[in-house]
Amino acid sequence: MSKQPLLEIERLRVSFQIEGAYYAAVDDVSLVIEENEVVALVGESGCGKSALALSIMGLHPPEKTKVEGRLLFKGTNLLSLSVSELNRIRGKEIGMIFQDPLTALNPLMTVGRQIEESMNYHLRLPAEEKKKRTIRLLERVGIPEPEKVYHRYPHELSGGMRQRVVIAIAIACEPSLLIADEPTTALDVTIQAQIMELLKELQRQMKTSIILITHDLGVVAEMADRVAVMYAGEIVELADVDTIFHRPLHPYTRSLLQSIPSAQVKKDRLHVIQGIVPPLHKLPRRGCRFQPRISWIGAEQHELEPQLREVEPGHWVRCTCYRHFHFPDDQMTREVDYGAS
Amino acid sequence: MLKFILRRILIMIPQLFLLSVLIFLLAKAMPGDALTGQLAANPKMDPQTLEEMREKLGLNDPVHIQYIRWVKNMLQGDLGLSYTHQQPVTDLLAGRVGNTVLLSAAILVLTYLIAIPLGIVSGRWTDTWADKLIVGYSYIGYATPLFIFALIMLFVFGFHLGWFPTGGSVDIQVEEGTLAYYLSKLNHLMLPALSGALINTVGIIQYLRSEIIDTKVKDFVKTARAKGVPERQIYWRHILRNSFLPIAAFLGYEITGLIGGSVFLESIYSYPGLGQLFLQSIMQRDYSVVTALVMISGVATLVGTLLSDIILSAVDPRIRIE
Ligand SMILES: Nc1ncnc2c1ncn2[C@@H]1O[C@H](COP(=O)(O)OP(=O)(O)OP(=O)(O)O)[C@@H](O)[C@H]1O
Ligand SMILES: [Mg+2]
C-alpha cells in the first residue's frame, strides 16, 4: 500500500453565479499533491487557477459560489467541514500566500500582531514565547531588524518586505501545504527573484508541499517537481517538470512554451497564441475547449468529449488533437541561431 | 502629534481672521446699525441724542478702527449689547449655551448609538430582511426634512400622546440641583434629541453599511480567514475596525450639522438654546446677537474639523503625523 497523499483533489468544480446562472470556472479537476512536492499550476489569466486555490482554503463566499467534488486533505474532505472545523486546518495545516502584498495585510495592525494572530488560534503559547517565535520568523523570511519591524505597520514597509511578512504569516504554524497564488506578480523583477529564492529555501528546510501558481515558466523550471497546465477551467496536461519542458504534447502547453523568450534558444519571433481565454459564460462546454484558438487544426482531430489520458507513466494529456498539432505556417517560429547567421 | 495639533491651531488663526472680517463686513452691510434697533424700541428718541450716541459708540469712526475695536472687545469677552433683551450678549449666550451643548451632545450620542448597531447589521447581513428594513428607514430619513419630522414628533408624542413636554428645557417648579430637576431636564431633552438623532443617523448608517460591504471583500480579510481566525474575530478585529475609521472621523464634522439642526429643533420645541435665540434675533434684527452667534458657529465648525483630523490621525496609523 502506498502512502496516503497530502491532498487529493477529486473532480473539483467551482462555479460562480453570474446573472442567475452558475458557470464553472474550475471544471472537473483532479490532481494529487504528494508530501514534500512542489506542483506548479500554470495557464493564462482567467483559466481558473485562483478559483482552484481559494476553494482549497474555503475562501469563496458561499452565497455566490458552488464548490463540488472532494478535497481530501490527509484523508479529510475539506468540503464537508464546517467553517469552525476548517479554521482548525487553515493557517495551521495549510498556509496561503497571496498575490498582492499591498492589500493582503490589515493596515491597522502591526506586523507582529498579524503574524501572531494565526498562532493565537493554533498554538497555545505564552506571550513572550509567541513574540520570540514571531521575531525568529521575521528573521527567517529575510527581514532585517526584526525586533523593529515587529512593531511596524504594513504601510511603513516596502512591497518586497510586505510580501516577506505575508510569507511569514503563511508559515507561522509550519503548515504541511502552502498555496502560493502568484506570489511575485506584484513585485519588481529583482525582488521577484529574491522572493522565489526565499520560497525555495523555505521549502527545502520545512519539506512543505507547495501549490505554486505562476505565469513565470522560468520559476516553474526552477522550483516545480510537477506541472499542471490549466486551460479554461480544465487541466489539459499534467507531467513532471522535465517532461513538460522537453516533451510537451498538448497544443496549449506547446503554445505557452513557444511564447516565452528563452535564453538558450534565441528565436527571431515569439509565438503568439491567438485570441483570449473566453469569459466564463462564453466558455465552450463541449468538445475541446482550445479548439477555437487553433482553428487551423481540423475539427475531426479533436475528441468529442476530451478526456485526460495517461500517455506515458505520469504524463497526462487531454484530447487527441495533440497528435496532429503544428504551429500555423504564417506563425511558424523559425528558429535562428544568431551566432551562425 | 502635539506638534501637529499646534500647527493646525496656527492654521486656524488666518481662517478665524478671514471669518471675522467677513462677518464684520456683512454686519456693516446690513441696513441700520446697533442703534437702529434702539430707535425701533424707542421711536421718540431725539435725532440729536442719537447722533451723540453714535459718536460716543464710535460708529462714525473709519471701518478698520471699528473692526479692530470689535475684535478687541470680542477677545475680552465683550460681544456687545442685545437691545431686545437689554443685556450684554455674553450674559445672554452664557444662559443658553449649556442647553445647546447638552442637546447637541445628546443628539450625537444617540446618533451613534443608533447608527452603529444598525449599520453593522445592515452591512454584515446584506440583502436580508433586516437589511432591507434598515435601508428603507434610511431612505425615508434622507427624504424627510428635519423640521417636518420634528413637528410630527412634537405633535404625536408631545400633544397627542402627551408623553413628553412640548417646550422649555426644564420644569420651572422644580428646584435646581435636585434629582427631580435633572430628571425633568432629561424629560425635556428626549423629544428634540430623538428627533434630531433619528434623522441625523441615517447618513452614518448608510456610510457604515457601505464601508462594511467594501471592507469585507478586501484581501486582508481573506488573509485573516486563511489564518483560521474565527468569523467573530474576522468581523471585530478586521472588518469593523477598518470600517469605523471614516465614521470616527465624521464625529468632528457632525458638529457643523448639529449647529444647523439646533436652529430648527430648538425653535420647534421652544427649547431655550442658541439656535432658538439665533432665529429670534434674526427676526428682531438684533445684530449684535446674530453676529456673535455666527462667529461662534464658525469657530465651532473649525474646531470640529480639527477634531476630525485629530481623531483620524489617532485611529489610523497611516495618517500618524510626527
Ligand atoms: N467571484 C467571481 N464571480 C464571478 N466570476 C469569477 C469570480 N472569480 C473569478 N471569476 C471568473 O472565473 C474565471 C477564473 O478566474 P480566476 O481568478 O481563477 O483566474 P486565474 O487563472 O487566477 O487568472 P489570473 O492569472 O488572472 O489570476 C475568470 O473568467 C473570472 O472572470
Ligand atoms: Mg489568479
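## Overall form of chain B

Chain B has an accessible surface of about 17000 Å², and carbon and sulfur atoms account for 69% of this area. The model is predicted. Along the principal axes, the C-alpha atoms of chain B fill a box of roughly 85 × 55 × 40 Å. Of the 322 residues in chain B, 40% are buried.

The secondary structure of chain B consists of 12 helices and two strands. Read from the N terminus, the order of elements is α-α-α-α-β-β-α-α-α-α-α-α-α-α. Among the contacts in chain B with a separation of 6 or more, 72% are between residues 24 or more positions apart.

## Annotated transmembrane regions

An unreviewed UniProt entry carries the annotation "transmembrane region" for residues 101-121, 133-159, 189-208, 244-269 and 289-312 of chain B. Two of these spans can be compared with the model.

For residues 133-159 of chain B, the model gives 93% helix and 0% strand, and the end C-alpha atoms of this span lie 28 Å apart. For residues 189-208 of chain B, the figures are 100% helix and 0% strand, with the end C-alpha atoms 27 Å apart.

## Thr201(B) in helix α8

Thr201(B) belongs to helix α8 of chain B, which comprises residues 179-215. The record's annotated region 189-208 of chain B includes this position. Thr201(B) counts as buried because its relative accessible area is 0%, where the cut-off for buried is under 20%.

Leaving aside residues up to four places away in sequence, Thr201(B) touches Thr111(B), Ile114(B), Ala115(B) and Tyr137(B). Two polar approaches involve the Thr201(B) side chain and the backbone of these neighbours. The side chain of Thr201(B) reaches the backbone oxygen of Thr111(B) at 2.8 Å, and a polar atom of that side chain lies 3.3 Å from the backbone nitrogen of Ala115(B). The C-alpha atom of Thr201(B) is separated by 30 Å from that of Met1(B), a residue 200 positions away along the chain.

Ser169(B) is located in the loop that links α7 (146-160) to α8 of chain B. Ser169(B) counts as buried because its relative accessibility is 8%, against a cut-off of under 20%.

With residues up to four places away in sequence not counted, Ser169(B) is in contact with Asn99(B), Ser184(B), Lys185(B), His188(B), Tyr271(B) and Pro272(B). With Asn99(B), Ser169(B) forms a side-chain to side-chain polar contact of 3.5 Å.

The shell around ligand 1 has 13 residues, of which Ser45(A), Gly46(A), Lys49(A), Ser50(A) and Ala51(A) come nearest. By class, five residues of the shell are nonpolar, five are polar and three are charged. Helix α1 (residues 49-57) of chain A contributes three residues, the largest share of the shell.

Oxygen atoms of ligand 1 take part in polar contacts with chain A. A backbone N or O atom of Gly48(A) lies 3.0 Å from a ligand oxygen. For Lys49(A), a polar side-chain atom lies 2.9 Å from an oxygen atom of ligand 1. An N or O atom in the side chain of Ser50(A) is 2.7 Å from an oxygen atom of ligand 1. On its own, ligand 1 has 630 Å² of accessible area, and the protein covers 65% of it.

Technical notes:
Residues are numbered from 1 along each chain as its sequence is written. Chains are lettered from A and ligands numbered from 1 in the order in which they are written. This is a predicted model: local features need pLDDT of at least 70, side-chain atom pairs count only at pLDDT 80 or more; totals for chains, interfaces and linings use all residues. Side-chain values use heavy atoms; hydrogens and water are left out. UniProt positions are given in the numbering used here, feature names are shortened, and annotations may be inferred rather than shown by experiment. Helices (H or I, at least four residues) and strands (E, at least two) are DSSP runs, numbered from the N terminus. Buried means under 20% relative accessible area, exposed over 50%, partly exposed in between (1.4 Å probe, protein chains only). Contact means heavy atoms within 4.5 Å. A polar contact is a pair of N or O atoms within 3.5 Å; within protein, one must be able to donate a hydrogen and the other to accept it, and residues adjacent in sequence count only if both atoms are side-chain atoms. A residue is near a molecule or strand if one of its heavy atoms lies within 4 Å of it. Accessible areas come from the Shrake-Rupley method with a 1.4 Å probe; for residues, only the protein chains shown count as cover. Ala, Val, Leu, Ile, Met, Phe, Trp, Tyr, Cys and Pro count as nonpolar, Asp, Glu, Lys and Arg as charged, and the others, Gly among them, as polar.
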